[in-house]
Amino acid sequence: MEQRHLGRSGLLVSRLGLGTMTWGQDTAPDEAAAQLAAFVEAGGTFVDTADVYSEGDSERILGHLLRELVDRDEMVVGTKAAIRPNGRYDASRRHLLGALDASLDRLGLEYVDLWQLHVYDPATPIEETLSALDEAIVSGRARYVGVSNYTGWQLAKAAAWQKAWPGRTPIVSAQLEYSLLRRDIEREVVPAALDAGTGILPWSPLGRGVLTGKYRTGIPADSRAAAPHFTEFVQPYLDEECGRIVESVVTAAEGLGVSPPSVALSWVRDRPGVVAPIVGARTAAQLAVALESEGLSLPHSIRSALDDVSDSAAGNP
């Protein structure tokens with residue numbers, strides 16, 4: 001698998017990331033092991049988790065597998081903090097550094113390669129929040145830092161603050177929802193990231209699973225949309241407009257002789273500023289389909305057609 005630099009940093013990551021949000025909830029430990037083994041065999045190196053995923057079980061499972069299944073030194077491990085278990089945002093220095101210590105304990109690691117602020121917390125001064133990132137680097141608990149779910153102005157402000165004084169650690173990544181069904185970040189966040197030298201890590205690059213085409217004729221009983229805790233997550237992308245985009249992806253896939261996920265992933269993977277889409281599969285079989293995208297580069301004509309059909313998802317009139 002091709003490796004890319006994360007933003008303007010020297011950190012190399014595989015151009016497809018493995019998401020672990022379902023680990024410990026919808027994905028059992030043995031299935032998680034099968035996913036990680038397949039990912040590493042395909043050349044994948046970047047694994048993403050967060051302290052709140054499955055109430056910490058995602059980190060616990062990943063930590064076990066890093067000790068038992070793969071060479072930790074060959075992996076780029078990223079986690080996130082800034083959301084309390086009750087859902088409240090908290091990017092105070094006190095909470096962030098305590099959350100990082102707890103993540104390291106669950107992971108069984110002395111440091112993470114990438115530590116990201118999961119959300120923007122308007123109740124905490126940004127200089128306090130960013131000071132926690134600097135402390136994580138200086139103390140050796142993290143190697144690189146980034147943000148997640150920031151708007152364009154929030155990313156620009158954070159990146160500018162870190163560049164304003166020598167010795168502050170730069171923001172090298174921005175993790176955001178981005179797919180053919182959700183392109184609004186192109187208006188402000190992508191330009192801000194390109195200007196700051198921040199690499200974009202798209203989450204839900206398959207449009208919360210909708211771009212796989214499995215919802216074209218209804219909601220399968222074994223799908224996320226059928227699960228009570230995921231219904232509201234998927235529902236916004238099951239409307240008629242999204243359906244037209246999905247049909248275009250399916251048509252392109254049929255013409256190229258590949259799967260719809262390969263087309264959708266290839267499209268977002270090669271957008272300006274994007275470093276590595278993060279795929280959160282429930283099963284190893286689903287991940288195997290996503291890994292097939294590595295061998296696909298979309299022809300210009302198909303990329304252009306998908307750009308046009310999904311233009312409304314970019315927030316354009």
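Let me start with a term: a contact here means heavy atoms within 4.5 Å. With that in hand, 79% of the contacts in this protein between residues at least 6 apart in sequence join residues at least 24 apart.

A word on the model, everyone. It is a predicted one, where local features need pLDDT of at least 70 and side-chain atom pairs count only at pLDDT 80 or more, while totals for chains, interfaces and linings use all residues. Residues are numbered from 1 along each chain as its sequence is written, and side-chain values use heavy atoms, with hydrogens and water left out.

Now the overall build. You are looking at 11 helices and 10 strands, taken as DSSP runs numbered from the N terminus (helices are H or I, at least four residues; strands are E, at least two). The radius of gyration, taken over C-alpha atoms, is 19 Å, close to the 20 Å of the globule rule for 317 residues, so the protein is as compact as a globular protein of that length. That rule is 2.2 Å times the number of residues to the power 0.38. The C-alpha trace spans about 50 × 45 × 35 Å along its principal axes.

On to the inside. Of the 317 residues, 56% count as buried, meaning under 20% relative accessible area with a 1.4 Å probe, protein chains only. The largest nonpolar core has 83 residues, and Trp115 and Leu155 have the most contacts inside it; such a core is a set of buried Ala, Val, Leu, Ile, Met, Phe, Trp, Tyr and Cys residues joined through side-chain atoms within 4.5 Å. Helix α8, residues 240–256, gives the most to this core, with 7 residues. Another core lies apart from it, with 11 residues, including Leu6 and Val13.

How values were computed. Buried means under 20% relative accessible area, exposed over 50%, partly exposed in between (1.4 Å probe, protein chains only).
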